[in-house]
Amino acid sequence: MRHDVVIVGGGITGCEAAYATARAGLRTLLVTTSLDTLYALAHDSYELAVPGGSLLAACVGRSGAVRVRAPEVRRAAKRLLEAEPRVHLLQSTASRLMVENGVVAGVDTWEGIARHGALVALCVGSFLGARLTVGASEEHAGRLSEMAYDDLLHDLAGRGFEFRHEELALDGLAGALPYIVRFQVLARGEWAETTYRLGRSGGLYAAGACVGRLGYATAVTDGMALGAVLVGALSASAERWPRCP
Ligand SMILES: Cc1cc2nc3c(=O)[nH]c(=O)nc-3n(C[C@H](O)[C@H](O)[C@H](O)COP(=O)(O)OP(=O)(O)OC[C@H]3O[C@@H](n4cnc5c(N)ncnc54)[C@H](O)[C@@H]3O)c2cc1C
């Protein structure tokens, strides 16, 4: 099946972007490694500035300064996205971009099934080349118990994309050991902050932690802004990419 937009990664950024594009009428595929971790927040509760019109506002039922509770937000985000008729939630991992004549045409998934879309947005957070160190052990993970596969990083690197190193050290929660997540983010020159575009292919966008913009409030606003950019880009190119029925 072909989608208007393929969004890779169901963290805060990708969920907000998918909600925005679907509500604007775009057929949206949100592909993410685990549907259990949609809209993931690390701690149980946060005081956040919740923008009106966001998925987060729909989850908590209001906007403004709100103490949001992670389990409730996660449940509500999944329920609201599932209820959007133009969102297709897919549990899988994007392993490779499909690019035709310099324009992105979708992604290949780890299982080998191609997913076609007129536009592709990478919202892959802290998962590019991610290594998580807890005590003496290291695993391929972007967060605790969340697997990270290296295929997409290798594909992007093979296409000439450049990266820089990012690292987050976290205190242990409730008696757990402290841990460190090391990962790659797209280098500054790869990404245009105003248009969210990645310059090496037409139709390719990125936002959130994978371009080095960290923090939950930033992820919410980045996801919303990315969604609006995708809607604008698709309507501007309606002749080249006829809208999916
Ligand atoms: C461990 C940790 C704790 C943090 N704690 C805080 C905090 O307390 N407060 C704060 O403000 N910020 C915190 N941050 C920073 C914050 O996580 C990020 O800025 C924000 O969550 C990023 O959201 P995101 O949607 O861009 O990425 P992420 O939340 O990282 O989501 C990316 C999603 O993409 C999926 N994915 C990755 N690769 C693929 C692929 N190839 N195919 C399909 N799916 C894929 C992942 O499984 C994941 O679900 C923390 C970051 C980390 C790593």
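**Notebook: fold, strand pairing and ligand shell**

I began with burial and noted that, of the 245 residues of the protein chain, 42% count as buried, where buried means 20 or more other C-beta atoms within 10 Å of a residue's own, exposed means 12 or fewer, partly exposed lies in between, and C-beta atoms are placed from the backbone. I am working on a predicted model, in which local features need pLDDT of at least 70 and side-chain atom pairs count only at pLDDT 80 or more, while totals for chains, interfaces and linings use all residues. My residue numbers run from 1 along each chain as its sequence is written.

**Overall form**

I looked up the radius of gyration, taken over C-alpha atoms, and found 17 Å for the protein chain, which agrees with the value near 18 Å that a compact globule of 245 residues would have; the globule rule is 2.2 Å times the number of residues to the power 0.38. Along its principal axes the C-alpha trace spans about 55 × 40 × 30 Å. I listed five helices and 15 strands in the protein chain, taking helices (H or I, at least four residues) and strands (E, at least two) as DSSP runs numbered from the N terminus.

**Strand β1 and its partners**

I then turned to strand β1 (residues 2-8), which is largely enclosed by the rest of the structure because six of its seven residues are buried. For pairing I required that DSSP find at least two bridges between two strands. On that basis β1 runs parallel to strand β8 (residues 114-122), joined to it by six bridges, and in β8 the bridge partner of Ile7 is Ala121. β1 also pairs with β2 in the parallel sense, over four bridges, with Val6 opposite Leu29 in β2. I recorded β1, α1 and β2 as a right-handed β-α-β unit, right-handed meaning that, with the strands pointing away from the viewer, the path from the first strand over the helix to the second runs clockwise.

**The four-stranded open sheet**

I traced an open sheet of four strands in the order β10-β9-β14-β13, with antiparallel pairing. Its edge strands are β10 (137-139) and β13, each of which pairs on one side only. The twist averages 20° from one strand to the next, with axes as lines fitted to C-alpha atoms and angles running from 0 to 180 degrees between N-to-C directions. Within this sheet I checked β9 (residues 131-134), which pairs with β10 over three bridges in the antiparallel sense, and I found Val134 opposite Ser137 in β10.

**Ligand shell**

I counted 35 residues around the ligand, the closest being Gly9, Gly11, Thr13, Gly125 and Gly208; a residue is near a molecule if its C-beta atom, placed from the backbone, lies within 6 Å of it. The elements that give two or more residues to this shell are α1 (12-23), β2 (28-32), β11 (141-143), β13 (163-170) and α5 (216-236), and the largest share, three residues, comes from α1. By class, the shell divides into 17 nonpolar, 16 polar and two charged residues, with Ala, Val, Leu, Ile, Met, Phe, Trp, Tyr, Cys and Pro counted as nonpolar, Asp, Glu, Lys and Arg as charged, and the others, Gly among them, as polar.

**Two single residues**

I looked up Ala192, which lies in the loop between β14 (179-186) and β15 (204-206) and is partly exposed, with 13 other C-beta atoms within 10 Å. Glu100, in strand β6 (residues 94-100), is exposed, with 11 other C-beta atoms within 10 Å.
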